[in-house]
Amino acid sequence: MENKQFNFDNSYSKLPKTLFTKINPEPVSQPKLVLFNKQLAIELNINLSNSNEIDLANIFSGNVIPQNACPISQAYAGHQFGYFTILGDGRANTLGEHINSKNNKRFDIQLKGSGKTPYSRNGDGRAALGPMLREYLISEALHHLRVPTTRGLAVVTTGEKVLRESQLIGSILTRTASSHIRIGTFQYVALKKDIKLLKILFKYTINRHFPSLIDSKNLVLNFLKSYMNKQIDLIVNWMRVGFIHGVMNTDNVTLSGETIDYGPCAFLDQYSGNTVFSSIDYHARYSFNNQPIIAQWNFARFTETLLPLIDKNIEKSIVIATELVESFAQEYKTKWLSMMKLKLGLLNSEKNDETLILELLNIMEKHSADYTNTFRELSTKKMSFKSKDFKIWFDKWNERLKKNNKPFSNSKSVMEFNNPVIIPRNFIVESVLDQANNYNMEPFNDFLSNLSNPYEISGKNKNYLSSPVTKQKYETFCGT
Ligand code: AMP
Ligand code: MG
């Protein structure tokens, strides 16, 4: 009997046809494997150990469709920078849902850059090598930082060029995700005003992502609360590691609570709450400090889609949903404060903790202090900054630590657990991608392997830890 590579069970493709189109990836001329995430394949129990590079290139380019796959592109809508649009997988194809037989967890296996679909609008359905490697690198970094995310399973080149500002190397990223259901999927269904379809999608989402709620009494409300908390946890984690997603459109917000769609994302070097990297984010909508506010706005859009299910009386539904959306800010603040306290080794609660945290962030901003290195340095109880305001703050913090009534070693281990040493710094990301575009993957692979152990200083990672010497203007681009 032939060994199956994937353990596919394709539940989404059994939903009503409005939600997707059955379509195969468009074949490419000369697929070549660039990256294969062997570790992830092992974790997910994907059986590719007997496949050679040519087999893998064929599978991950879409040239060969694995057994039991049911390739589809999904329909969805979304608010992009505040404006509602009909979208859909314009360049992505989900081959199927792989079930990890070890734990029964389900993962979409999706090719990104897989060719035109009915949702491509004016796009070519393709992707370039740089952005696909970037998504792979940064999503792996987030994963190892313990932030929920989709992950990269493979990257191939297609042997074809894609035309952007110049001709670029064509590429396909294979990503795994708990699902690709987005807020935008619900917005798409809400637009159709088809309650039956809405109920089907809702039930499917509960089964797939919130199975423990199935028998709960007030299902819709409990679900919304659980989902809100998942979103808050995600944003708090981004804030912990200094991550800016950059394009928090509602089509880029999953129901699973995983980070998705690494377009213009980047990590902070020097701390500034207003930092924006995306070249098209003219109004700083998705700046670092605006992320929780936008998450709340996105959550409000999500609750709107479920109004018909909250209560039979729509006025009553609006009141309930509004109250929930309004509770977002306080819930976020509580979780953010707990997280920041861990970053500073504050193990119990004192009334001035928030002020102490905000004071530090203000000083860091004023002196352009590096977000990652400042917190990590504090865990050594040293302070290399010479400015007077830093010194005053440092003394206050030391006084506060005494109120933990625990030895500093306790704080230190909490701080080291929550404050990374290594993040994918923009100037290094750009440098390794430049070299990859010139067919040298070695620097990329070395950086990637160091990012897999982000909380430990090692002899190997020391070249990657410094903040850029001068404050850099860094721009990232969408949909490339
Ligand atoms: P993103 O910015 O990656 O979230 O993409 C937003 C929308 O544009 C999604 O519907 C994508 O499928 C679509 N899109 C992005 N790039 C392309 C492309 N090259 N061809 C077709 N559709 C695309
Ligand atoms: Mg997207």
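**Exercise 1. Find how helix 10 and helix 12 are oriented to each other in this predicted model.**

Step 1. Take the packing angle: helix 10 and helix 12 meet at about 155°. Their axes lie 10 Å apart.

Step 2. Apply the cut-off: angles over 145 degrees count as roughly antiparallel. Helix 10 and helix 12 are therefore roughly antiparallel.

Step 3. List the residues in contact. Helix 10 supplies Asp-353, Leu-356, Glu-359, Leu-360, Ile-363, Met-364 and Lys-366. Helix 12 supplies Asp-389, Phe-390, Trp-393, Lys-396, Trp-397 and Arg-400.

**Exercise 2. Check the span of helix 10 against its number of residues.**

Step 1. Count: helix 10 covers residues 353-366, which is 14 residues.

Step 2. Predict: at 1.5 Å a residue, helix 10 should span 20 Å.

Step 3. Compare: the end C-alpha atoms of helix 10 are 20 Å apart, so the two values agree.

**Exercise 3. Sort the residues of helix 10 into a buried side and an exposed side.**

Step 1. Pick out the buried residues: Asp-353, Leu-356, Ile-357, Leu-360, Leu-361, Ile-363 and Met-364.

Step 2. Recall the rule. An α-helix has 3.6 residues a turn, so residues three or four places apart point the same way.

Step 3. Turn to the other side of helix 10: Asn-362 and Lys-366 are exposed there.

Step 4. Name the packing partners. The buried residues of helix 10 pack against helix 9 (314-343), helix 11 (371-378) and helix 12 (388-402).

Definitions and conventions: Residues numbered from 1 in each chain as written. Chains lettered and ligands numbered in written order. Predicted model: local features only at pLDDT ≥ 70, side-chain atom pairs only at ≥ 80, totals over all residues. Heavy atoms only, no water. Helix = DSSP H or I, 4+ residues; strand = E, 2+ residues; numbered from the N terminus. Expected span 1.5 Å × (residues − 1). Buried < 20%, exposed > 50% of the residue type's maximum accessible area, 1.4 Å probe, protein only. Contact = heavy atoms within 4.5 Å. Axes fitted to C-alpha atoms, helices over the stretch in contact; angles between N-to-C directions. Parallel < 35°, antiparallel > 145°, perpendicular 65-115°, else oblique.
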